[in-house]
Amino acid sequence: MKRFILFACLSLVSYSAWSQQDPMFTKYMFNGLAYNPAFAGSPGYMSARMIYRNQWWAFEGAPTTQSFTIHTPFRERVGLGLSVMNDKIGSTGSTSVFGSYAYHIDFGRGRLAIGLQAGVINWRANWNDLKYKDPRSLDPSFEQNPSKWLPNFGAGVFYYAPKYYIGFSVPRMLENDLNETVNENAVKWAKLYRHFFFTAGAAFPVSGDAMIFKPSIMIKSVGLLSSFSTDPSDPSRVGAPAEFDIDLSMLFYEAVWFGVSFRSAFAARQFGGNSSFDSADVWAAYYLHNGLRVGLSYDYTLTQLQDYARGSFEIMVGYDMTYNLKKITTPRYF
């Protein structure tokens, strides 16, 4: 019974306005283009990443996400990129394809990039996967299995220097409508909400390039921190609190990388001023000399879901075309 209840919740949560809808990644620092189009071309060489995430992996219907990104500098100041993401949660799923353009200019001790992206999202649901207490025909919302093609665009800024970076982005500017025309008198708020991302990180050499300490943070918000001010009695409010990921890692000999992170949310009014901790995470990555990158992470769930699930894991595989690194005179740590 508990398995069915959670499965149903997972299916419906992505069809409403009560949660963050964009997929999350523990290894977000390896997947910058998925959040910010201005990241395209910033490393100075062609880079590709594939990440597979299985959230609450022991549970049927739990979220799974696959992400592929590739980007490269083009001429002196332009970066181009492609981001493909597939996400499934319960009986709903989405696939997005976005092309990115970034323009980089020298600014202070680093470079400032301004990026735009445009693409399409296919949002779909298969209500046949659900189990119904009452006859399905009694609720017209589940009569048909929807599939929508939704155009969208996003923007971002990214400032990076040899030892730090900071970025802000809105990957999808349009709030696409997910409503099905089943009853013109029904009041519905099903849509893809606008998400905001803030990222920052730094590098502190502890023992030259043999040991580098790298802290980073990501803040994710739906409706630009609206959870702090929205009236809890308003049924159309954005219900997700602003969430943050704090990561602390060490890079050894520019090859072996170990990190720990913590994910939680800021206190929000609709939760009585309290928000539960989400997860504590550990991860590792290895950089081969031929440009191949591999990584693995595990999230230990700190909520009551841990009683039914077994945490989450990610697998990352990437490749960096670092053939032109000799042309870069300033050391880069990101």
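In the predicted model, confidence is lowest in helix α1 (residues 2-13), where the mean pLDDT is 37, and highest in strand β7 (residues 164-170), where the mean reaches 96. Two stretches have a pLDDT below 50: residues 225-230 and residues 326-331. For the protein as a whole, the mean pLDDT is 80, and 78% of the residues reach 70 or more.

The protein contains 15 strands and 2 helices. Of its 334 residues, 49% are buried. When contacts between residues at least 6 apart in sequence are considered, 61% of them join residues at least 24 apart.

The largest nonpolar core comprises 18 residues, and F30, Y35, W257 and W283 have the most contacts inside it. Two or more residues are given to this core by each of helix α2 (32-35), strand β10 (211-222) and strand β13 (279-287). Strand β13 provides the largest share, with 3 residues. The surroundings of W257 can be described individually: not counting residues up to four places away in sequence, W257 touches F30, K214, S249, M250, L251, W283, A284, A285 and Y287. Two of these partners, F30 and W283, are also listed with W257 among the residues with the most contacts inside the largest core. A second, separate core consists of 11 residues, including I121, W127, F142 and L178.

Terms used: Residues are numbered from 1 along each chain as its sequence is written. This is a predicted model: local features need pLDDT of at least 70, side-chain atom pairs count only at pLDDT 80 or more; totals for chains, interfaces and linings use all residues. Side-chain values use heavy atoms; hydrogens and water are left out. A nonpolar core is a set of buried Ala, Val, Leu, Ile, Met, Phe, Trp, Tyr and Cys residues joined through side-chain atoms within 4.5 Å. Buried means under 20% relative accessible area, exposed over 50%, partly exposed in between (1.4 Å probe, protein chains only). Helices (H or I, at least four residues) and strands (E, at least two) are DSSP runs, numbered from the N terminus. Contact means heavy atoms within 4.5 Å. pLDDT is the predictor's confidence in each residue, from 0 to 100.
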